[in-house]
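Me: I would like a close look at a single part of this model. Please keep the account plain and connected.

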Amino acid sequence: MKVHFSGVLLRYVDYQKAIDCNAPTLNAALDSLCSEYPGLRPVLFSADGQVSAVHRLFLNGDQVANTDLGNPVHEGDTLEVITAIAGGNR
């Protein structure tokens, strides 16, 4: 599986926009990436161990909920990790 990062998250993965990750599930893939890039874990996950609300995960273009992180992934899949942008004037 290829994992794509953008924006502010790039600094936590040594500015790599795409990282190959071989894991059986999304959870295992994220855990593996956080082990390889320890600074990523506190930014990507909230204190309760869930993907932080400011980030969105898209597997092959479909948004993934925290409850679906145990779903299997396959070679050729693509995971996009996107930081939601908020703020500005109303």
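Where is the place of histidine 55?

Reply: In this predicted model, histidine 55 sits in strand β3. Its relative accessibility is 5%, and buried means under 20%, so histidine 55 counts as buried. The side chain of histidine 55 has a polar contact of 3.2 Å with the side chain of threonine 83. Leaving out residues up to four places away in sequence, histidine 55 touches Leu9, Val43, Leu44, Ile82 and Thr83.

Strand β3 also has a part in the largest nonpolar core. That core has 26 residues, and the members touching the most others are Phe5, Leu40 and Leu79. At least two core residues come from each of β1 (2-5), α1 (26-36), β3 and β5 (78-83). The most come from α1, which gives five. As for phenylalanine 5, its contacts beyond four places in sequence are Leu10, Val13, Gln16, Lys17, Ile19, Leu33, Leu40 and Val81.

The loop between α2 (41-44) and β3 (55-59) holds aspartate 48. With a relative accessibility of 57%, where exposed means over 50%, aspartate 48 counts as exposed. Its side chain is joined to the side chain of serine 46 by a polar contact of 2.3 Å. A polar atom of the aspartate 48 side chain also lies 3.2 Å from the backbone nitrogen of glutamine 50. Between the C-alpha atoms of aspartate 48 and leucine 33 the separation is 18 Å, with the two residues 15 apart along the chain.

Conventions: Residues are numbered from 1 along each chain as its sequence is written. This is a predicted model: local features need pLDDT of at least 70, side-chain atom pairs count only at pLDDT 80 or more; totals for chains, interfaces and linings use all residues. Side-chain values use heavy atoms; hydrogens and water are left out. Helices (H or I, at least four residues) and strands (E, at least two) are DSSP runs, numbered from the N terminus. Buried means under 20% relative accessible area, exposed over 50%, partly exposed in between (1.4 Å probe, protein chains only). A polar contact is a pair of N or O atoms within 3.5 Å; within protein, one must be able to donate a hydrogen and the other to accept it, and residues adjacent in sequence count only if both atoms are side-chain atoms. A nonpolar core is a set of buried Ala, Val, Leu, Ile, Met, Phe, Trp, Tyr and Cys residues joined through side-chain atoms within 4.5 Å. Contact means heavy atoms within 4.5 Å.
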